[in-house]
Amino acid sequence: MTHTSLFEQAPKPDSNRPLLGSHVSMSGKEMMLGSVKEALSYDANTFMLYTGAPQNTRRKALDELRIQEAWDLMRQNNMQQFIVHAPYIINLANTLKAETYQLAVDFLAQELERTQKMGSKILILHPGSHVGAGTEAGIQSIADGLNEVLSIDSPVFVALETMAGKGSEIGKTFEELAAIYEKCKYPERLRVCFDTCHVHDSGYDIIHDLDGVLDKFDRILGKSQIAVFHINDSKNERGAAKDRHADIGDGCIGFDPLYRLVHHPDYPGIPKILETPWYPDPQTPGKTLPPYKKEIAWLKTGN
């Protein structure tokens, strides 16, 4: 079955309910079918996955991923879409090692194709780290890589993620993302993933001035460019530039700003994805449990 028909199978969005989900695994014999089952076990109506391990380039063949069965189960449960996240090893901003940059370009092109054939329209990408060459050089390198990859026709958007500013990360400000857009030959193929922990850690005050931050984003990039939100609390004070996620309500951002964002009237049909840490199982030492069912229920109702 083609990617087009997979897209056509998805139910129409229901703007009366927030699209809430989490990162889920894709492994074992069930692969993507198991991903959908995991999302449903959290009472989610969307989800995010990696097409393989985020730390390496090993990938199973598409015909082993049980894509059609996954979509059948999604349709049965009125699940309209899912998000793919590109692996961390892609660094388009590295101008110091030609082999690292070329691997990033080649592997991003492969991930774009896999995302398309799995039936997702959004591939989230960390813009990259300039590793000492400077922000301007890194931004140009990211744009050059995107120009090469996005020259391939595809219905998939690349969503540049807002970053915390750790090390030499690019994307810690809305202006840096806008600069990538400006240098890209295919800006219509770009979108943004707005990560609450990263935005907070990079210095934006989403606790006391959420609408002000969103208005600033709108002025610089346009609110229509947000294709997905990562909903994460932060273990750090604002501006720490450390990128350490906390469970919802247990961090420095707190529940209320995240709840307001999930239900913000300007973003009713935009997927909101949790990437919060698993917590220790009180019954089994050394085992951890996912917080997502509890957090999704809390973010749906506020109770």
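Predicted model: local features only at pLDDT ≥ 70, side-chain atom pairs only at ≥ 80, totals over all residues.
Residues are numbered from 1 along each chain as its sequence is written, and side-chain values use heavy atoms, with hydrogens and water left out.

**Exercise 1.** Describe the barrel and the pairing of β5 with β6.

*Solution.* Strands (E, at least two residues) and helices (H or I, at least four) are DSSP runs numbered from the N terminus; two strands pair if DSSP finds at least two bridges between them. Eight strands form a closed barrel in the order β1-β2-β3-β4-β5-β6-β7-β10, with parallel pairing. On average, neighbouring strands of this sheet are turned by 30° against each other, direction ignored. Strand β5 (residues 157-161) and strand β6 (residues 190-195) run parallel and are joined by four bridges. Within this pair, Val 158 stands opposite Leu 190 in β6. Helix α4 (residues 98-118) packs on the sheet, where it touches β2, β3 (83-85), β4 (122-125) and β5. The direction of α4 makes about 150° with that of β4; axes are lines fitted to C-alpha atoms, for helices over the stretch in contact, and angles run from 0 to 180 degrees between N-to-C directions.

**Exercise 2.** Classify the packing of α2 against α3 by angle and by residue class.

*Solution.* The axes of α2 and helix α3 (residues 67-76) lie 7 Å apart, at an angle of about 25°. Angles under 35 degrees count as roughly parallel, over 145 as roughly antiparallel, 65 to 115 as roughly perpendicular and the rest as oblique. The two helices, α2 and α3, are therefore roughly parallel to each other. Among the contact residues are Met 32 and Lys 37 of α2, and Glu 69 and Trp 71 of α3. By class, this contact of α2 with α3 has nine nonpolar, no polar and two charged residues, where Ala, Val, Leu, Ile, Met, Phe, Trp, Tyr, Cys and Pro count as nonpolar, Asp, Glu, Lys and Arg as charged, and the others, Gly among them, as polar.

Methods
Contact = heavy atoms within 4.5 Å.
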